[in-house]
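Morning, everyone. Today I want to talk about salt bridges. Let me put the model up.

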Amino acid sequence: MTITSKQPNVGTTIFTVMSQLAAETGALNLSQGFPNYNCSPKLIELVNHYMQKGMNQYAPMAGIMPLREILAQKTADLYNLHYHPNDEITIVSGCTEAIYATMAAILHKGDEVIVFEPAYDSYVPSIELNGGKAVYVTLTAENDFTINWEVVKSKITERTKAIMLTTPHNPTGKCLTQDDLNKLAEIVRDTNIFIVSDEVYEHIIFDNRQHLSPAMHPELKERTFLCGSFGKTFHTTGWKLGYCLAPKELTAEFRKTHQWITFASPTPMQYAFADFMKDPNNYLSVRAFYEEKRNKFINWLKGSRFTWKPAEGSFFQMVSYNQITDESDYDLAVRWTKEIGVASIPISVFYNERYDNKILRFCFAKDDETLEKAAERLCKL
């Protein structure tokens, strides 16, 4: 028996490839975006408490109410954004599911979604598997990965159903500005275009910047699916818990697709997060924690031949190697993993046409010893 593939050009993700190569060679793995340290012991205690208490069966499809309520409170306190926990907040199995369920809810065959590349690798498959077509807006190092909104406007057609955003951006770490949101609002005004916003790094943002969600713009909230995650904030990427915030009518359609994908997400983890987030410091302290790691990593790289701009957000630092070699970023990432024992991600894999900026991405969500050892090896190049 054979299957006619819906994704004939999709293979193993770059994250799996590089992590596997790092494991095979014993390299320091600064490729895949996950911490190599544990989450808060208190959070583990809470999960164990609720498991022992018997909270081990299906959660409600939309998520347990205490977690939805604490999310509503947090979002109102931090951003003055108000979502009703009953019918505007849904707990899902990670932000990846939130994005997929959104695309499944809004797309019909032939619909177009504008995607800014370099783009996280789940976006386009989520669009295409649901009958849509990705329309690319290419961001480059030459322009500091800044969005040219006139180019975006030129890509809008009668088939445009949504615009996919990420802030802070993965892999570049770039953050949206108020000017970005204002220009986006001008473009979608008087249209039926949705905004799908990936905000998993909302609390990992540096240098006194303010996180700006499109939902915070008065003209954009009504059309925005705000997709977030607990995993990046609380060092629990393996728990796969996320959420989607959206106006009532949008949430109703979102839940129709969510119920057929996972229906519900792990119950004891939901109760644990609901308790843990009662103390705002448990998420507000993450900014300083990662800013210190970013600063240490780039300080340790100062003796190298790399060039970079400090990441504005996320726990990734991009570095340019164009003063070292003109080798392709993919070949170089593989070679250096084998030869110097440091694994990274080549940025070209996030482009549809594999555009090569001569940039590698390193994850600094690692313990200091790992970061310092990796930087020491990179400085010898």
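Start with Asp87: its relative accessible area is 21%, so Asp87 is partly exposed. On our scale, buried means under 20% relative accessible area, exposed over 50%, and partly exposed in between, with a 1.4 Å probe and protein chains only. Asp87 forms a salt bridge with Lys248, closest N and O atoms 3.8 Å apart. The two sit 161 residues apart: Asp87 in the loop between helix H3 (65-79) and strand S2 (89-92), Lys248 in helix H9 (residues 248-261). Lys248 is partly exposed too, at 48%.

Some ground rules. This is a predicted model: local features need pLDDT of at least 70, side-chain atom pairs count only at pLDDT 80 or more, and totals for chains, interfaces and linings use all residues. Residues are numbered from 1 along each chain as its sequence is written, and side-chain values use heavy atoms, leaving out hydrogens and water. Helices (H or I, at least four residues) and strands (E, at least two) are DSSP runs, numbered from the N terminus. A salt bridge is a side-chain nitrogen of Lys or Arg within 4 Å of a carboxyl oxygen of Asp or Glu. That rule gives 22 salt bridges.

Next pair. Lys293 and Asp368 meet at 2.9 Å, N to O. Lys293 lies in helix H12 (residues 286-300) and Asp368 in helix H14 (residues 368-379), 75 residues apart. Which of these two is buried? Lys293, at 7%; Asp368 is partly exposed at 26%.

Last, a network. Salt bridges link Asp144, Lys174, Asp207, Arg209, Glu291, Arg294, Lys309 and Glu312.
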